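The sequence and the structure are shown first.

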Amino acid sequence: MPDLLSLSGLLLIVAALVVGISKTSVSGFGSFAVAAFALVMPAKESTAAVLLLLIIGDIVAVLRYRKHCNWALLRRLLPSVLPGVALGAWVLSVISDVVLKRGIGVLLVIFTGVLVREIGIGVVLALEEKTRHWKAPKRNSHPSIERGP
C-alpha cells in the first residue's frame, strides 16, 4: 500500500474524490479514477478498492436520501447485484493480475470511446437545437453584393 503522503498516495486520494464526483454528477469520469487506482495498486486490490468506494457511496446516498429512495427499485435490483458481486469475487480469485490489468485497460479504452461518442452526439444535438430556428440567408441578399441587371 503506497504512503498517502507520496505522489502515489496523492493520486489515490484524488482518484477517490473523482469516484465520489463521478457517482453524483459527471458519469464516465470515474474511468480516470479506475485507471489511476490500477496504476498505483495491483489490479486485484485496485478493483476491490474502487468497488468498496462505490458501495460505500451507494450506502451513504441511500441513507442520506432514504425519504426519496425508490425502495421497490432497490429490492428488484438486489437479486441481480448480490450474485454479480459474488461472481466478480470468484473471478478475482482465479484470474491473474496481468490478465485483469489488460482487461481493465481494454474496458477503459472501450468506455472512453463510448464516452467520446456520446459527448460528440450531445454536442451535435445541442447545436441542432440551438440553431434549429435559424434561417439561411437568401442568395445574394447582402447589401454589398451587386445585383445583376
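## Helices α3 and α4

Helix α3 (residues 43-64) and helix α4 (residues 71-94) pack at an angle of about 165°, and their axes lie 12 Å apart. The arrangement of α3 and α4 is therefore roughly antiparallel, a term for angles over 145 degrees, where under 35 is roughly parallel, 65 to 115 roughly perpendicular and the rest oblique. Axes are lines fitted to C-alpha atoms, for helices over the stretch in contact, with angles from 0 to 180 degrees between N-to-C directions. Helices are DSSP runs (H or I, at least four residues) numbered from the N terminus.

On the α3 side, K44, T47 and V62 meet W71, L74, L92 and S93 of α4, contact meaning heavy atoms within 4.5 Å. The residues of this contact comprise four nonpolar, two polar and one charged. (Ala, Val, Leu, Ile, Met, Phe, Trp, Tyr, Cys and Pro count as nonpolar, Asp, Glu, Lys and Arg as charged, and the others, Gly among them, as polar.)

## Basis of the model

The model is predicted: local features need pLDDT of at least 70 and side-chain atom pairs count only at pLDDT 80 or more, while totals for chains, interfaces and linings use all residues. Residues are numbered from 1 along each chain as its sequence is written, and side-chain values use heavy atoms, with hydrogens and water left out.

## Serine 46 in α3

S46 belongs to helix α3. With a relative accessible area of 3%, S46 is buried (under 20% relative accessible area; exposed is over 50% and partly exposed in between, with a 1.4 Å probe and protein chains only). The side chain of S46 reaches the backbone oxygen of A43 at 2.9 Å.

Apart from neighbours within four places in sequence, S46 contacts F37, A38 and M41. Between the C-alpha atoms of S46 and A35, eleven residues apart along the chain, the separation is 9.1 Å.

Helix α2 (residues 30-40) packs with helix α5 (residues 97-131) at an angle of about 160°, with the axes 10 Å apart. This angle makes α2 roughly antiparallel to α5. From α2, S31, V34, A35 and A38 meet K101, I104, L108 and F111 of α5. By class, six nonpolar, one polar and one charged residues form this contact.

S31 lies in α2 and, at 18% relative accessibility, counts as buried. Leaving aside neighbours within four places in sequence, S31 is in contact with L108 and F111.

How values were computed:
Helix = DSSP H or I, 4+ residues; strand = E, 2+ residues; numbered from the N terminus. Polar contact = N/O pair within 3.5 Å; in protein donor to acceptor, adjacent residues only side chain to side chain.
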